[in-house]
Every structure is written in C-alpha cells, then in structure tokens.
Amino acid sequence: MTAIKHALQRDIFTPNDERLLSIVNVCKAGKKKRNCFLCATVTTERPVQVNVVKVKKSDKGDFYKRQTAWALRDLAVVDAKDAVKESPEFDLHFDKVYKWVASSTVEKNTFISCIWKLNQRYLRKKIDFINVSSHLLEESVPSGENQSVAGGDEEAVDEYQELNAREEQDIEIMMEGCEYAISNAEAFAEKLSRELQVLDGANIQSIMASEKQVNILMKLLDEALKEVDQIELKLSSYEEMLQSVKEQMDQISESNHLIHLSNTNNVKLLSEIEFLVNHMDLAKGHIKALQEGDLTSSRGIEACTNAADALLQCMNVALRPGHDMLHAVKQQQQRFSDLREQFARRLASHLNSVFVQQGHDQSSTLAQHSAELTLPNHHPFHRDLLRYAKLMEWLKNTDYGKYEGLTKNYMDYLSRLYEREIKDFFEVAKIKMTGTTREGKKFATLPRKESAVKQETESLHGSSGKLTGSTSSLNKLSVQSSGNRRSQSSSLLDMGNMSASDLDVADRTKFDKIFEQVLSELEPLCLAEQDFISKFFKLQQHQSTSGTTANEVEEMDGAALSRSYTSGVPQSVSSEKDMIRQMMTKIFRCIEPELNNLIALGDKIDSFNSLYMLVKMSHHVWTAQNVDPASFLSTTLGNVLVTVKRNFDKCISNQMKQMDEVKISKKSKVGILPFVAEFEEFAALAESIFKNAERRGDLDKAYIKLIRAVFVSVEKVANESQKTPRDVVMMENFHHIFATLSRLKISCLEAEKKEAKQKYTDHLQSYVIYSLGQPLEKLNHFFEGVEARVAQGIREEEVSYQLAFNKQELRKVIKEYPGKEVKKGLDNLYKKVDKHLCEEENLLQVVWHSMQDEFIRQYKHFEGLIARCYPGSGITMEFTIQDILDYCSSIAQSH
C-alpha cells in the first residue's frame, strides 16, 4: 500500500500541487468488484483545499488515472455502518449516497480517522460521523500502519501554524523598525531581549498598582453588604404587615365567588325556563284550530295547517338533558300527543268523506262523455284536494298509519271510478271503430254466422283480393286468364279495385285517428293523476331502483300495499318513486287490458292496422320514456307495445304464409301474381305510415323477410306453371317488383331491387331466345353443317366444294324462305308471345323488340357465313334487314 501511495503521489497529485494524506482500497457495494482507491488530499497552495479523490486503474495499461473528485466541504455524513462489529462497508453522503466496501477494516478506519482530523483542522464544519467508534475520533494517532500512513505528513501539518492577520501586521512593524534584523540576527535578538525585560518590568509595576485599587473595591463591597442587610430588615417588616391584608382579601374573594356562582345558576335556570316556555307552549288559537277548525273552507284549512305545523315543532323540539324528567314537560308532551291523535283522526275522516263524495260527483258526469271519445277531467277534484297537501305531509310525518290508510282508501275509491270511466271510454272507441251502435257493442266478443262475418269483412276491407289478413280473403285468391279478358271488363275490374282500395284507406285512416285519440286522451289523464299523487301524498318523483315488476305491483291489493310499510318506513318498496308506480298501477289497473282488447279488435278488423298501431304506440312510448322511463305510463305503454309488435310480426308471417298457400289455375295464364301486387300495396301503405317513425327498423326487417318470401314464391309458381312459360312468369313479376321498388325508393331493399332487375333481364333474354328459336330452321341447319366442317379443319373458302354444302344446295335452301314466309312466321310468333304475356305489365312491345333484335342478329350471322364461305357467288337472302324491320313493325301495328 505504501508503494501505491508513493506512486499515486508522484504520478497524480504532485503535478496538481496536492499532498496525499490517506488512501483506502474500495469497490462499489452490490456490484461486480472493480477496485479503485479513495484518496484524502490537501493542496500545497493557500488557502488550503481538502478533497476526496477517486482513482482507478486504467483499462489500457498499469497506470492510474484520476476519475472523480469531491470537496470535503460537500461531505454531509460519514456512515461506518457498525460502531461495534468490524465491517468493511461504509457510506459517504455527498450530493448523493455513495456505498463502498473497503479491502480491510483497518484501511477503512484509518481513512475515516483522517477525514475527521482534516475536518477539525481546516473546515470545522458539521459532518455527521455515525456508527463510528469513539477512539477513531480522537487527537492521538494510532500506531502501526496508521502512523506510517498519516504520521509524518500530519506531524508536519501539526508543527506548522498559520499566522493570523494581527500577527502578520506586528511582524511587519517590527521588521520595519529593525531593518538590520536580517543582516545582524544577534543584534536583533539582543534588542528583542531588552524590550522584553522592559515589558516585564512594566507588567510588575502595573500589578503592584492594581493592588490598591482592589483594596478600595473590597471596602466598597463591605459597605454595600451592610446596606443590603438593612433593606432586608425593612422588607421583612413590610411582609408581616401585608400578611393580614392578604387574609382579608382572600375572604372577600371567596365571598365574591359564591355571589357570582349564585348569579350564574339563576341565569341558567331562567334560560332553561324560557327555552321550555318558548318551545313547548302552543297558542290557544292553534289548539282551537286543531280541535274545532273548519276543514272545508280555505281559511280554515290554512289555520289548521299553521296549527299542525306549530304542534309538530313543539313535539319535535330537541330537549336538553334532564328536561324529559320534569313532570310539567311530560304533561305537555302527553297533551301534544293527544292533540295530534285527535286532529289526525278528524283529518283522515274528513278526507275519506271527500274521496267518497268526489266518486259520486264524478260518476254523475259520465253520461255526458258516453257519446264522445273523451275522458272526464279530474282537474277540479285535484285542485280541491291539493289544498290539503301540507296537511297530508304533516300526517305523513306524524302518523304514518293514518297516512297509509288514506292512501289505501284513495286507491280503492279512485280505481273503481277510473275503471268505470275508462271502460266506457274504450267502449265508445270500439263502437266508432266498428261503426256499430251502442246496442251492437258485442261485436268483438259474440260469435257470428258465416254470412255476417263475410258481409262485415267486405264492408270493412273492401275488395277480397286485397291482402288484409282476413282468412276469408284467402279463399278468393286465384289467377284468372288474361287472355279471356276484354278491355271493357279490365277497366271495370280496375274501377272496382280502386273503390275497394279507397275504402281500405278510409277505414284505416279512421282507425288510425281513433287509436291516436285514445292514446292522446289516456296520456294526460295518467300524467295528471301521477302529478297529483306526487304532490298530494308528498312523494318525490326521482329515479327508481326497485326490482318490483309491474305485474307484481298489479297483483298487490290494498292490504298487501299497507303491509309493505311498517314503522313508517317502506320495506318492499325501495323509494317513493316505486310507491307512486304502485298507486298508479292500482288505480289504472284496467288500462292495459282495455288497450290490449282494443288492439285485438283493430287487428281483427284489418291486420294492416298493426302498422298504424306500431307507429303510434312507439311514438307515445318514446315520449313517455323521455319524461320518466320508470313511470307507470311508460311501463304500461311499453308492455302494450310488445303486444302490438307481436301483432305486426304476425301480420308479416300471415302474408308469408299466404304466399306459400297460393294456388294457380292450370287453364289460364298466370300474369302478375296476387302476392306481388299485395306486396306493392303493403309497401306503399307502410311507407306512408312509417314516414319519420321511431320504429323504422322493424319495418325494414319486415321488408327483408317479405321480399325474400316473394322471390321464393315467384320461383315456386313459375316452376309449377303449365299454361304460362316459366320465363314469362319470372320476367313479368320481377319486372313488376323492380318497378315497385324503384318507385318507392326503399333504401334497405336496394340489393333486392338490383336482384329483381337482373332476374327480369335474364329471363327476358331467356324467353326471347327460347320463343324465337330458329325461325329459318332449314337454313339454320345448313349453316350449322358449314360451321361443323370449318371446325373440322376445312378452310372457309373451300366449304363450297363440299357436295352437301355447295352453292346449288345453298340456293335451294334460301328459296324455301321467301319474304312472305318469313313475315308469316313472325306473325305467328307475335300471336304466341301475345298469348303468353299479360296485359297488366305491358311488356309485349319490349319482348317483341328484343325478338326483332335477336332475329336481325341471326340474319347478320348468316350473311357473314355466306360472305366468308361463298365469296363472289352473288348469293343473298331473299329478304333484307329493312324487310325484317318492316315486317315486325307492320305486325305490331296490326295487332
């Protein structure tokens, strides 16, 4: 270690004017051991700087290099880890904590001791040495290696002591006064010796002179002590005199304390009495109002309300500890309790009478609403009862049992009243829908004869050929031959159908208005009653979290509802909102069954009415949910909406079922299939109904189901058709479907519209090719043989040398097809096409034009073969393309 120390001093610190005082071989704690040296150094120049330098061996050679240096003044803590056990670990706290492990405990202790001495010598700053043994922090330097490491240099440091400023100034003055001191040291020493003797003599004289002053000071001190003794004697006498005064003052103070305590108790007693008098005294006017107040007039109700509030305040006053033990307080509380019971009974009895009277008064007004589709107005009844709202709140807070009984009685009376009103209201609605008189109101329930059903169905539905969901119309769905129709009969049938359609629209519009009127009357009735209940019975209309369903609430009778509340706190109902819904369900328990009966009647009249009901009901449900999604109205309309949606789905299913059951006549041509026309009617009606409706998605799903069923059924009928070719059935019906979808512009059926157009085009082309066939049959066979020879490898210009296909044979075949024969064949073809096609779709000219184009295409093909295989022969067809156009035009005009 000594050799390393000398090497470091020579190579690193001497060039930097530093002296190395201590060294320790260390490595970082917790990492791979890469040894380095921590060195304690001081600078040789002044002022002296003390540093801790980290030196490590270079990776490229055996020389050492300076890596990091810290100033000792930045050192805050030296942690030796353990002051008792020997451990090579220690920490140095500079800007951060550096953890080291020394190669030996002796080196660590020597380094820490050197740090402590340097701090004491040069810095004198507060460095915390923790977990360091006390013998390391002493002035004496240990023997052995420590002596060798720090001894010589430290002794040199101890012998040298820096002069302060005053000493430097004195030496300079002395040197200026003795300029010869440097040249003649002995003379300078003698002069200093003489001056020292003179100074010693002066000191002795000064000491001798100061002895007299000391004696004088001692005499003055003795005199002062005597004065102090006299003052103490006077103070003792004064203290004896004051002792008697103190006793008298203590007696006066005790007397004042007792007086103050008595006054305080009197004030507290007066405060308690005033508190009881002010808070537990009920005015005589209030007592009289509670006992005899008029509950029929507005002024009397107001007086009773104020008296009830005052009584409640007196009963709910927060008594102080001990008040409840006073006999007067107990008497007053009993008196208040009796007043409360008496007034609660009187109030409950009066309100029950009001409920009963209102039921009788309201029943007398039912006759005037019997012929109108309106519901009686309960606003006056609500307005009169709302005067008692504050008293109901008082009753709810003071006597929940009577409040609960009033709630039950109100539900009983009002449920019977509303049941009569609503049933009469729905009876009027049913009469208006069916157009029957009040005596015939059993329309929807009593069985009828088949003729009556048929007559009513025809009057309500119009044409039996329309798809309205009635089973009687299914028996009349048949396909009649369009070939047997005349223009006059067709126009008459069209007029009949138009009248029936207009009748359907009128009936459906009438039903739609009646159904909307019913919902429009029910909504304000329910909302007004719910608002009244919340205000009168003081129930907050906040969001409910109850798990009680509407059906469970409906099944609860009054007793069950009463049992759901005990001790003034609802048990089975989680909030006041649920209580409102329970009361509404009890009061209006007949609304949902009546609505379902009305919906069933409308569906029985015409299944298409389910479209109107779905739109109207969806709109009203959406409106109710925006107001309160958990209200009775929203829940009831939502349940009814489920029924309407089922009827709508049933209507769609019935139409699909009818498509499957359609049978066609084997003796007449098919034409436009009934269910294709009925889909057009359904789509046109649905688009007019569902315009800007909330349930558009349901209609789109129904469209998809219906159109796919129409496609399948058209394919099925086309395959079964015997009188009409399959391509004609497909072509005409898919053309009709494409025209319908193009006119209505139903966005969800764009793919089906394209598919219908493609099927129409494909089957048109197929029918044209199949019907036209080979009008020049022998010529066609001749050229098929020519094409076969060419396919076998014979050159086109050499085909004429074949015996069976020479020019003479070609001319012979061409002569068999003069223009007159061609025209005759085309005329027969036109009649055949006319016989296949129906008049409703008007595709005859389209098909005829396509056949004309196909015939011209075959003609051009034959001309091309003649030009290539018989060049220069001058052979041509006996008719031209223009002749074909003329033939086709004249045939079309003649028919």
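## Aromatic pairs

The structure holds 30 aromatic pairs, where rings of Phe, Tyr and Trp (its six-membered ring) pair if their centres lie within 6.5 Å, and planes under 30 degrees apart count as stacked, over 60 as edge-to-face and the rest as tilted. One of these pairs joins Phe381 and Phe532, whose ring centres are 6.4 Å apart and whose planes stand at 40°, a tilted arrangement. Phe381 belongs to helix α9 (residues 379–385) and Phe532 to helix α14 (residues 487–536), and the pair links distant parts of the chain, 151 residues apart. Helices (H or I, at least four residues) and strands (E, at least two) are DSSP runs, numbered from the N terminus. Both Phe381 and Phe532 are buried, a term for under 20% relative accessible area, with exposed for over 50% and partly exposed in between (1.4 Å probe, protein chains only).

The pair of Tyr859 and Phe879 is tilted because the ring centres are 5.4 Å apart and the planes lie at 45°. Tyr859 is in helix α28 (residues 844–869), whereas Phe879 is in the loop between α28 and α29 (881–894), so the pair ties together parts that are 20 residues apart in sequence. Tyr859 and Phe879 are both buried. Ring pairs also link a cluster that includes Phe355, Phe381, Tyr400, Tyr410 and Phe532.

## Basis of the model

The model is predicted: local features need pLDDT of at least 70, side-chain atom pairs count only at pLDDT 80 or more, and totals for chains, interfaces and linings use all residues. Residues are numbered from 1 along each chain as its sequence is written, and side-chain values use heavy atoms, with hydrogens and water left out.

## Nonpolar cores

A nonpolar core is a set of buried Ala, Val, Leu, Ile, Met, Phe, Trp, Tyr and Cys residues joined through side-chain atoms within 4.5 Å. The largest has 175 residues, of which Tyr410, Leu779 and Val847 touch the most other members. Helix α11 (residues 400–434) gives the most to this core, with 14 residues. Another core, of 30 residues, lies apart from it and includes Val26, Ala40, Phe90 and Leu118.

## Trp100 and the cysteines

Trp100 sits in strand β7 (residues 97–102) and is buried, with a relative accessible area of 2%. Beyond its neighbours within four places in sequence, Trp100 is in contact (heavy atoms within 4.5 Å) with residues including Val26, Cys36, Trp70, Pro88 and Phe90.

The count of disulfides is 0, a disulfide being a pair of cysteine sulfur atoms within 2.5 Å. Cys114 is buried at 4% relative accessibility, and Cys304 is buried at 0%.
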